[in-house]
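Trainee: I have a model open and want to learn its terms. Can we go through them one by one?

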Amino acid sequence: MSDGRLFLVGRASWELFAPVLRKALQSYGLNPDIVVCGFDRELRLWSGADEDFESAPPRAAVVFPEARDLFQRQLTGSRPEIVPEEAGAQAAEFLLGAVSSLSARHPGVSWILSTAEVEFPGALAGMNDSELDPVALATSVFNAHVRRRCREVAGWSLFERERVTHALGAGVTYDARMDLLARMPLSARGMKALAERLASHWNAVVGRTKKVLALDCDNTLWGGIVGEDGVSGIRLGGDGIGRAYTEFQRTVATLESRGVLVVLCSRNNPEDVDEVFAMRPEMVLRPERISARHIGWGSKSDGLVQLADTLGVGLDSFVFVDDNPVEREQVRSTLPEVAIPEFPADPAGLPAFGEDLAWRYFYKVGVTSEDRTKTEQYRARAQTAAASREFGSPDDFLRSLRMEAVLSANDSSLLARSAQLTQKTNQFNLTLRRFTEAEMVRVLNDPNWMVIAAALKDRFTDHGWVALAMFEHHRTDPHWELEDFMMSCRVIGRSFEHAFLAACVDHLRQGSHEAIRATFVPGPRNAVASGFLVEAGFRLVEGEPDGRRRFELTGTVDAPSLDLFAMSWRGQA
Amino acid sequence: MSDKLIATVAEALQVSPGLVQESTAMENTPEWDSLRHFALILAVEEAFDVHFSSDDIPSLTAVAALRAELLRQGRDPGASS
């Protein structure tokens, strides 16, 4: 069974996280299809050009902004281009504007916006005051904007990603190998912990959190057995292990104040329990906060059935906490709809158990009914503001990226990167010819060849050398053969391929009108490149039975989005 | 008889264990793409409680190579799963 779709949006290899999240969601009985919207697709999504999203909007979209992508290039050079506060505010405005556009068009989508996290390791290196680090400062300003908007706009919720890091430690959640090799900074444990928190968040968004916390008393709310140890003999508060129980009660009281119904289900004499409430001031949980109680000698499952009846709440909204595994099993086998967490074997684990309980079953997203009127006003205001920021067309959006391209011809300093592009580009690659570095040297030294590389950056990210075009000049039947043309999938979706090819062709022809010929060679994953030549104005000359197609261009390249790029050639002013 | 390494690889690649053999490798298995490779590495690390170095990860692209590395690290890749 499927529970709609969930989009994961962000500039990391979230594909690695998707199966981990799927497993975590399954433990809540949730089975959404997870769609990853990574490097290239993220921009397409923001520009409103992601057909999949536009035609079948998902139930929810989770956005993970990366501080590294947002601020590193702008702020860590020797001469930063912008002050950190402004960088943080601009990046937030950009992201929130993009989400507002999509949100206004597709109001059914729940947006889960993660905070950006200060990078580990590296940021704050050798600093006593994190606000002296420009990236940390920008991140904190960015997060403040995201936080505020999530509070204002219905249907958006904030996800504080760094809480996972705080709980486990960055040394545990970070995996340098995965970061460097796979562009996924999280370790296996980090992914698992993040998935659990995110699953809990999503469970809350779809409104399936629990309503009732049913608690045993002896060895659960206090240490020891009141009927045997006496009211003064039970362990509660003070120094030592008794404090574990008061800390746990504090979490229960907090949950109660947020609307969770707290009930007692205990095998005891009712008077003994009353006496604990009356005589032990360390009881953080006050009797008036208990919605109902079933204290007696029958089975726990009978007790829970009666409590459900009293409250008028279904048993599937109950969480039952009991230190005794036999009681837990009795309820589990009789009332499978009741959620029953394992209880810590060591009472020292109780405060952390309380925290987990709150996360797992009672996690709350968004606003209470008292806030709703205020929220409506905020919402109307937020939508007006969003409309003015909306991008009219995908081109408007791309223009706002302020993209700059640098081209370089037959550049031996790019030898290794050029060879690597031929070897690693599987998607946007016209012929899939692979060149070793040695072969690349040969080609660069051959006067008939022209190898042109392109680097691209935008206001957020320096993508590096991302595209390569290789041409060979033929003297008989004079023409240029496009031997290979490829572009990293990181920059697909910006029409850069057209602008790049147009610039290459101008450079080759130097005013002549020589034809450009090209072959598309189909491979397992390069379908994305197949329509490109026709879009660029090439004419199909012949198709082979194996799927190869020959093309020729006699006119100029069709590059409708040429003005989106500031282009320059390396070594020229 | 089930081989724990084969079972782990099959699960990570989301294919039937019957389709995974000693000769299975990235170059002959479409499901074993560059991203899935990292998921597979993490799955093998967890299953056998081992740690592969960043030098080794890019070359552990075949069942036989994984098996050899597990043996080198003193694990039993054939333990029944």
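Mentor: Start with a pair. B:Glu46 forms a salt bridge with A:Lys192, and their closest N and O atoms are 2.7 Å apart.

Trainee: Why is this pair called a salt bridge?

Mentor: The term needs a side-chain nitrogen of Lys or Arg within 4 Å of a carboxyl oxygen of Asp or Glu. Lys192 of chain A and Glu46 of chain B have N and O atoms 2.7 Å apart, so the pair qualifies. Between chain A and chain B the count is 2 salt bridges.

Trainee: What are the ground rules here?

Mentor: This is a predicted model: local features need pLDDT of at least 70, side-chain atom pairs count only at pLDDT 80 or more, and totals for chains, interfaces and linings use all residues. Residues are numbered from 1 along each chain as its sequence is written, chains are lettered from A and ligands numbered from 1 in the order written, and side-chain values use heavy atoms, without hydrogens and water.

Trainee: What makes residues part of the contact?

Mentor: Contact means heavy atoms within 4.5 Å. Chain A gives 13 residues and chain B gives 15 residues.

Trainee: How much area do chain A and chain B bury between them?

Mentor: About 1100 Å², with 69% of it on carbon and sulfur atoms. Buried area is the accessible area (1.4 Å probe) that two parts lose on being put together, summed over both. In chain A, A:Leu16, A:Arg177 and A:Leu181 lose the most area to chain B, together 48% of what that side buries.
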